[in-house]
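Thanks for coming, everyone. Please have the sequence and the model open while I talk.

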Amino acid sequence: MHSTGAEVDGARGVLAVDSTAPDAAPRGLDAFRRGWETQIGDDVFQLPAFSPDTIGDFRVKGNVAKVHGAAIADLHAASATRTADAPGGDQDLVAMYVVQRGAWTLGGPPGCGEQTVSAGQFLVRHVGRLTAFETTAHLTAKFLVLPPDELKPLLGNRVITGPADSAEIRLLTALTDMIHTTVADLGPAGVEATHGALIELAKAVAKGRFDDVEPRLAPALTQAAKDLADRRLADPELSPAMLARELNVSVRTLHRAFAAVGEQVATYIRHRRLQEARLALTAPSGRLSISELAAHWQFADSSHFTRTFKKHYGQTPTEYARSTGAASLSPNRHLPGHGPAESA
């Protein structure tokens with residue numbers, strides 16, 4: 001990161017700062033603060049004053065998005081950060097921290113001790129006053145600022161923590177990733193719907209369960225299921241039932257969510273496996289045979305794989321490999337000729 005400025009695009013922004021660049025400090029931190037205030041605003045979350053050592057080495061980048069009174073920041077900090085001892089300032093918001101790498105230590109309200117969110121964990125709490133915090137170097141985390149109206153009654157004075165791979169956090173992560181991608185192109189109705197879905201998923205985190213009749217959550221549930229399926233494509237246990245179990249919803253709810261966006265769970269899995277098999281057919285080395293590909297991507301046998309591949313792409317696997325010039329790339333492994341497996 002060598003940028004000392006911030007770029008802002010509508011409801012989505014990109015911030016990248018390196019205060020160690022020549023003549024950058026403290027201007028680098030000032031640029032980050034200006035970018036944050038322009039994109040997120042002090043009315044949503046006020047950036048605290050940072051310690052002098054943080055100002056001297058402030059290497060942070062992130063994607064930020066704002067949806068009404070909610071803000072999402074995906075942050076990557078190469079340097080450690082620490083606020084001033086007494087940042088001060090009244091707040092009334094719900095803050096959520098989801099840490100993938102490193103650790104984020106939060107000061108507590110008066111009379112309470114510090115709390116550390118370690119890698120693979122999340123924390124959500126109501127914040128009534130700006131408190132001190134510090135982060136380790138090489139931090140990767142998602143930071144959400146949420147309006148308190150619907151969430152504060154659920155939280156009260158509780159601090160909720162848990163694993164970042166819980167079903168509710170998976171759904172929330174899928175939604176926030178979609179927000180980063182699409183929010184700048186959404187109209188007023190889309191922003192309103194997205195904001196509602198974000199609040200509903202935050203409520204699911206607070207309650208520890210997903211409201212499976214809430215229609216606004218269908219896109220997030222669908223995306224979370226796709227993300228999970230993409231990581232398990234070669235798993236023989238991959239199925240709608242397995243995805244539903246991992247995401248803590250019923251199979252019926254999962255099918256209903258896919259139907260709401262015009263898709264089917266099993267069709268998505270099959271098409272993604274075919275896509276991966278097609279890529280494997282043109283691999284420059286170590287290419288698998290038709291029967292090996294069929295077994296790896298969980299097709300019943302090579303004949304079934306070939307029929308499905310041809311129906312989807314208009315060619316048998318061997319025809320496709322030859323059309324791309326890949327059939328002769330691997331002398332030790334070859335695609336079978338037009339035998340019984342490719343008669344369909």
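Let's start with one contact. The side chain of glutamate 200 makes a polar contact with the side chain of lysine 203, at 3.3 Å. A polar contact is a pair of N or O atoms within 3.5 Å; within protein, one must be able to donate a hydrogen and the other to accept it, and residues adjacent in sequence count only if both atoms are side-chain atoms. Glutamate 200 is found in helix 5. Helices here are DSSP runs of H or I with at least four residues, strands are runs of E with at least two, and both are numbered from the N terminus. Is glutamate 200 buried or exposed? Glutamate 200 counts as buried because its relative accessibility is 9%. The cut-offs are these: buried is under 20% relative accessible area, exposed is over 50%, and partly exposed is in between, with a 1.4 Å probe and protein chains only.

A word on the source. This is a predicted model, where local features need pLDDT of at least 70 and side-chain atom pairs count only at pLDDT 80 or more, while totals for chains, interfaces and linings use all residues. Residues are numbered from 1 along each chain as its sequence is written, and side-chain values use heavy atoms, with hydrogens and water left out.

**The whole protein**

Now step back. The protein has 12 helices and 12 strands. Of its 344 residues, 46% count as buried. Look at contacts, meaning heavy atoms within 4.5 Å. Among contacts with a separation of 6 or more, 70% come from residues 24 or more positions apart.

**The cores**

Next, the inside. A nonpolar core is a set of buried Ala, Val, Leu, Ile, Met, Phe, Trp, Tyr and Cys residues joined through side-chain atoms within 4.5 Å. Which residues of the largest core touch the most other members? They are Met96, Leu146, Leu198, Leu243, Leu254 and Phe305, out of 62 residues. Helix 5, residues 188-207, gives this core its largest share, eight residues. There is also a second, separate core of 30 residues, and Leu29, Ala71, Leu123 and Leu130 are among them.

Zoom in on leucine 146. Leave aside its neighbours within four places in sequence. Leucine 146 then has contacts including Ala70, Leu93, Met96, Leu198 and Ala202.

Helix 9 spans residues 265-281, 17 residues in total. From first C-alpha to last, helix 9 reaches 25 Å, close to the 24 Å expected at 1.5 Å a residue. That expected span is 1.5 Å times one less than the number of residues. The buried residues of helix 9 include Tyr268, Ile269, Arg272 and Arg273. What do they pack against? The buried residues of helix 9 meet helices 6, 7, 8, 10, 11 and 12.

Helix 4 covers residues 167-182 and has 16 residues. Helix 4 reaches 23 Å, close to the expected 22 Å. Among its buried residues are Glu168, Arg170, Leu171, Leu172 and His180.

Now the strands. Two strands pair if DSSP finds at least two bridges between them. Strand 7 (residues 103-106) and strand 10 (residues 133-135) run antiparallel and are joined by three bridges. In one of these, leucine 106 has phenylalanine 133 of strand 10 as its bridge partner.

**Two positive phi values**

Here is a backbone point. Most residues other than glycine have a negative phi. Histidine 138 is not a glycine, yet its phi is positive, about 60 degrees. Histidine 138 is found in the loop between strand 10 and strand 11 (139-146). Its relative accessible area is 46%, so histidine 138 is partly exposed.

Glutamine 298 also has a positive phi, near 65 degrees. Glutamine 298 lies in the loop between helix 10 and helix 11. With a relative accessible area of 30%, glutamine 298 is partly exposed.

**One last residue**

Finish with valine 60, in strand 3 (residues 59-67). Valine 60 counts as buried because its relative accessibility is 6%. Valine 60 and serine 79 are 19 residues apart in sequence, and their C-alpha atoms are 7.1 Å apart in space.
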